[in-house]
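Biologist: I would like to learn how to read a protein model step by step. Could you walk me through one?

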Amino acid sequence: MAEKELSLTASQLQSIIETAVKAASAPNALEKKRLDEELDREKRRAILAVQLGNIEEEARWRKQNSCSHSCNDKTGESVPRGTGRWVTGGQLHGNGEATLICQRCATTWRFKPTHEESEWILNGPGLLGYAPPPLERCLNRDDFMTRPPVPRVEVSQ
Ligand SMILES: [Zn+2]
């Protein structure tokens, strides 16, 4: 029996080819499962990163707020912030900026001293025992947190 000739229009042929190509490139069940597992892993990794980030933020917050950056002038004992002597030291840079560091907790303040402050720093004891500048004067104020972190993990489905 002779095979019946099939006649197709160009657009029908086009549609058949497209369907075949799509079927060939679609992930099969096993590949789909692997992809899903991969996505799950990615999601878990992202959640873990957020959790680690929260822990780091929390540690940063605690460090910056548990240290008074101050000590008793005679005993060296920690005293409430702003009383006694600042346990700070630092450096005035060539570009006119200064870096002040707490010698106890290593909190760092970067700021631009005024002309008078620069003179005082240069002609006085430098930045040893220098009072930390207010946050709004800090060039690195983004390093400081003004509110406690909210430990929160968002999981979107
Ligand atoms: Zn400190």
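Biologist: Let's start with β4 and β5: in which sense do they pair, and over how many bridges?

Modeller: The general idea is that strands of a sheet pair through backbone hydrogen bonds, either parallel or antiparallel. In this predicted model, β4 and β5 pair in the antiparallel sense over four bridges. You can find individual partners too: Thr-99 has Arg-110 in β5 as its bridge partner, and Ile-101 stands opposite Thr-108.

Biologist: What lies between β4 and β5 in their hairpin?

Modeller: There are five residues between the two strands, and Ala-106 there takes a positive phi near 65°. Ala-106 has this positive phi although it is not a glycine. Ala-106 counts as exposed, because it has 9 C-beta neighbours inside 10 Å and the cut-off for exposed is 12 or fewer.

Biologist: Which strand pairs with β4 through five bridges?

Modeller: That is β3, and the pairing is again antiparallel. Here Gly-89 has Ile-101 in β4 as its bridge partner, while Gly-90 stands opposite Leu-100. β3 and β4 also form a hairpin with five residues between them, and Gly-96 in the turn has a positive phi of about 90°.

Biologist: In what order do the strands sit in the sheet?

Modeller: The order is β3-β4-β5, in an open sheet of three strands. β3 (88–92) and β5 (108–111) stand at the edges; each has a single partner strand, so one side of each has no neighbour in the sheet. Neighbouring strands of this sheet are turned by 15° against each other on average, if you ignore direction.

Biologist: Where do the buried nonpolar residues gather?

Modeller: As a general idea, in soluble globular proteins, nonpolar side chains tend to be buried together. The largest nonpolar core here has nine residues, among them Trp-86, Val-87, Leu-127 and Tyr-130. β4 and β5 are the elements that give two or more residues to this core, and β4 gives the largest share, three residues. To see one member's surroundings, pick Leu-100: leaving aside neighbours within four places in sequence, its contacts include Thr-88, Trp-109, Leu-127 and Pro-132.

Biologist: And helix α2: how far apart are its end C-alpha atoms?

Modeller: They are 55 Å apart, which agrees with the 56 Å that 38 residues should span at 1.5 Å a residue. The helix covers residues 29–66. It is hardly covered: the count of buried residues in α2 is zero.

Biologist: What about His-69: is this residue buried or exposed?

Modeller: His-69 counts as buried, because it has 22 C-beta neighbours inside 10 Å and the cut-off for buried is 20 or more. His-69 sits in the loop between α2 and β1 (70–71). Its phi is positive, about 55°, although His-69 is not a glycine.

Biologist: Finally, how is the protein divided into domains?

Modeller: There are domain 1 (31–66) and domain 2 (70–143). Taken over C-alpha atoms, 35 Å separate their centres.

Notes
Residues numbered from 1 in each chain as written. Predicted model: local features only at pLDDT ≥ 70, side-chain atom pairs only at ≥ 80, totals over all residues. Domains from an automatic or database assignment. Pairing = 2+ DSSP bridges. Axes fitted to C-alpha atoms, helices over the stretch in contact; angles between N-to-C directions. Core = buried A, V, L, I, M, F, W, Y, C linked by C-beta atoms within 7 Å. Contact = placed C-beta atoms within 7 Å. Expected span 1.5 Å × (residues − 1).
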